[in-house]
Amino acid sequence: MPLNESNATSGAAFGECLQTGGSDSESKPTIEQLEAKLAEMERLQLELSLESYRIKRQRNALVPFHRLPGEIFVAILLKVAKYNDPGFDQEHKRLHTLAQVSTYWFDTILAFPSFWQQLAQYHPPWFRDMVLKRNPSGLFNIDCVLAQGETVSAPYSLLSFMKMAAPLSERWKLLAFEGDITDEMAELIQSPAPNLDSMLISNWGHTHSGNRMLKLAEGRNIQYLDIDNIAIPWNSTRLRGLRGVQIQSICGVPPSLAELQAMLAASPQLWWLQLSAWYPFDRGVALTAEVADIHIQPINLPLLTTIILHRLPLAVTQFLLSSIVAPACQCVIVREVPQAVVNTGIPSKMFADLINGPLKAIGKLRMLCHNDESPLHLLSEPSRSITYNWIHHVDELPGFNIQIPAYDLTDHQLGSFLGLLSFPDEVEVSMDINGVRWHRSLLYVGWHRVPKLKISRALSAEVICEQLASVPKSAALHCRLRSFISPLDSNYERPGLYDSIAGNLVKYVQQPCALPAETDQQLNHKPDGGQNRGKLEIKLPRFMVQRLKRLLQDYDVQLSEFGQGTQASQNAVD
């Protein structure tokens with residue numbers, strides 16, 4: 001029978017059942033007759049409900065989303081259901097919400113064990129039982145962390161959960177633990193887990209407990225290693241093929257340089273490397289001796305996007321910055337750059353190549369230095385700071401933040417290194433170089449290649465203008481400077497300071513890379529291939545604008561007072 005005829009028949013029958021039947025003159029129905037009518041109504045209601053269910057399933061099957069290949073549909077649902085952070089009690093609620101969308105979604109979630117991999121301490125017991133039932137033989141992500149805000153009976157809750165999870169260790173795929181690692185807890189954590197590929201361990205014990213060494217039984221390679229205040233066998237063959245590494249707060253015996261080299265060289269897919277707060281028992285004496293003897297070979301990490309090194313023995317930082325080759329790197333944070341990396345030929349070139357990627361990825365660079373004893377600080381804007389999130393939840397953003405202890409470097413050493421850098425389109429130089437021994441190193445930088453340049457201090461501006469004035473004719477095609485801004489702040493004014501700045505600015509404008517305004521149209525396509533650089537904006541204090549107005553009136557330069565808008569040089573100052 002056609003579908004519409006079936007519905008019409010059922011509807012008519014259902015309407016007949018609703019009639020109470022007859023007038024007062026007719027005989028009253030018996031109880032048996034009424035019960036028969038009620039039974040018929042219930043049968044018809046069930047039939048209509050089943051028919052409605054069947055039609056809805058047919059309709060849902062035609063939705064484009066449900067016509068995706070099964071594995072893609074499941075992958076999308078898994079992505080939605082995935083938890084945010086260890087300790088964020090939402091996954092079982094998400095699964096419940098997704099299962100209510102339709103019967104198809106409900107059946108899919110129940111049928112696939114991949115939806116039932118998360119065994120978490122913070123999940124309710126009934127949900128854990130459901131996970132174990134729905135995933136009878138698959139792998140598990142073990143989440144032994146406290147729920148957000150949970151503090152009561154915390155040690156007991158973690159220990160009780162790990163006692164439940166330890167017998168399943170051969171099915172562990174991920175282990176996340178955050179708490180105090182006692183002897184009993186350590187035995188449970190280091191249960192043989194041959195399928196474990198993600199190890200996230202944060203030990204809340206006192207700092208010196210970071211010298212505790214967890215055993216690592218044989219098994220598949222660890223892909224994600226995130227450990228804090230705990231150690232593992234650094235020479236383990238499982239530490240190969242790493243993709244994400246965070247090793248923090250290691251007291252006692254950190255990895256040797258040879259072990260670090262073996263780990264990284266065997267991990268070409270590594271994309272994140274963060275090492276911080278290592279405190280060896282011998283204060284780094286052994287590492288210092290090792291860096292002098294080790295044969296440094298390039299470590300090629302083509303997928304590495306982020307490297308963060310902070311509070312490490314200098315030997316470790318020197319080794320890594322001198323050996324890592326990461327062409328895709330977009331974020332470098334190194335708070336203590338060893339001088340040997342800056343003033344030595346090949347390591348200096350390797351380090352410059354490493355940080356040129358992030359320099360090209362950022363929009364603005366700030367150069368800071370307060371006095372002769374403070375380091376030279378290079379950082380991106382917006383700045384990028386050190387984060388301490390789980391490896392699966394880090395912020396992968398471009399950034400740059402390094403500090404170079406320059407007080408013992410010569411002008412040539414620091415300048416040669418700075419000359420290797422590819423600065424971004426905007427640079428702000430905020431350095432008080434009065435009395436700074438290495439201030440002449442700024443001469444080695446090609447400032448004419450920076451489109452937008454802002455300089456806070458007059459002494460820095462003087463050195464930079466001296467470099468601009470000496471740009472050779474062969475560099476004309478590389479002149480990209482469009483904006484030169486400086487308030488010329490100074491707490492030290494020597495005779496001839498401002499004459500030097502003004503004179504060198506004029507020399508720069510008069511060079512072939514800055515053509516006179518009236519010849520722009522004629523010389524835009526010169527026979528020798530040179531091209532006009534375009535208008536140059538100069539913002540300086542009023543007294544400097546007055547001084548430059550006449551000297552630059554015949555050139556395509558816009559002069560204005562610092563803090564005000566630009567205008568043509570002939571009208572800049574009345």
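Buried means a relative accessible area under 20%, exposed means over 50%, and partly exposed lies in between, with a 1.4 Å probe and protein chains only. By that scale Tyr498 is buried at 14%. This is a predicted model: local features need pLDDT of at least 70, side-chain atom pairs count only at pLDDT 80 or more, and totals for chains, interfaces and linings use all residues. Residues are numbered from 1 along each chain as its sequence is written, and side-chain values use heavy atoms, without hydrogens and water.

**Helix α18**

- Helices here are DSSP runs (H or I, at least four residues), as are strands (E, at least two), numbered from the N terminus.
- Helix α18 spans residues 542–551, and Met544, Val545 and Leu548 in it are buried.
- These residues lie on the same side of α18, because they cover an arc of only 95° around the axis. The arc is taken from the directions from the helix axis to the C-beta atoms.
- An α-helix has 3.6 residues a turn, so residues three or four places apart point the same way.
- The cover over the buried residues of α18 includes α16 (497–510), β18 (536–540) and β19 (557–561). Contact here means heavy atoms within 4.5 Å.

**Aromatic pairs**

- Rings of Phe, Tyr and Trp (its six-membered ring) pair if their centres lie within 6.5 Å; planes under 30 degrees apart are stacked, over 60 edge-to-face, and the rest tilted.
- The whole structure holds seven aromatic pairs.
- Trp126 and Phe127 pair edge-to-face, because their ring centres are 5.7 Å apart and their planes stand at 85°.
- Trp126 is exposed at 52% relative accessible area, whereas Phe127 is buried at 4%.
- Tyr498 and Phe543 are also edge-to-face, with centres 5.1 Å apart and planes at 85°.
- This pair links distant parts of the chain: Tyr498 sits in helix α16 and Phe543 in helix α18, 45 residues apart.
- Phe543 is partly exposed, at 38% relative accessibility.
- Trp116, Trp126 and Phe127 form one aromatic cluster.

**Second largest pocket**

- A pocket is an open set of points on a 1 Å grid over the protein atoms alone, with protein on both sides within 12 Å along at least five of seven lines; lining residues have an atom within 4 Å of a point.
- The second largest pocket has twelve lining residues, and Leu95, His96, Ala99, Phe106 and Trp116 lie nearest its centre.
- Elements giving two or more residues to this lining are α4 (91–99), α5 (103–111) and α6 (125–134).
- Helix α4 gives the most to the lining, with four residues.

Notes:
1 Å grid on protein atoms, 1.4 Å probe; cavity = no way out; pocket = protein on both sides within 12 Å on 5 of 7 lines; lining within 4 Å.
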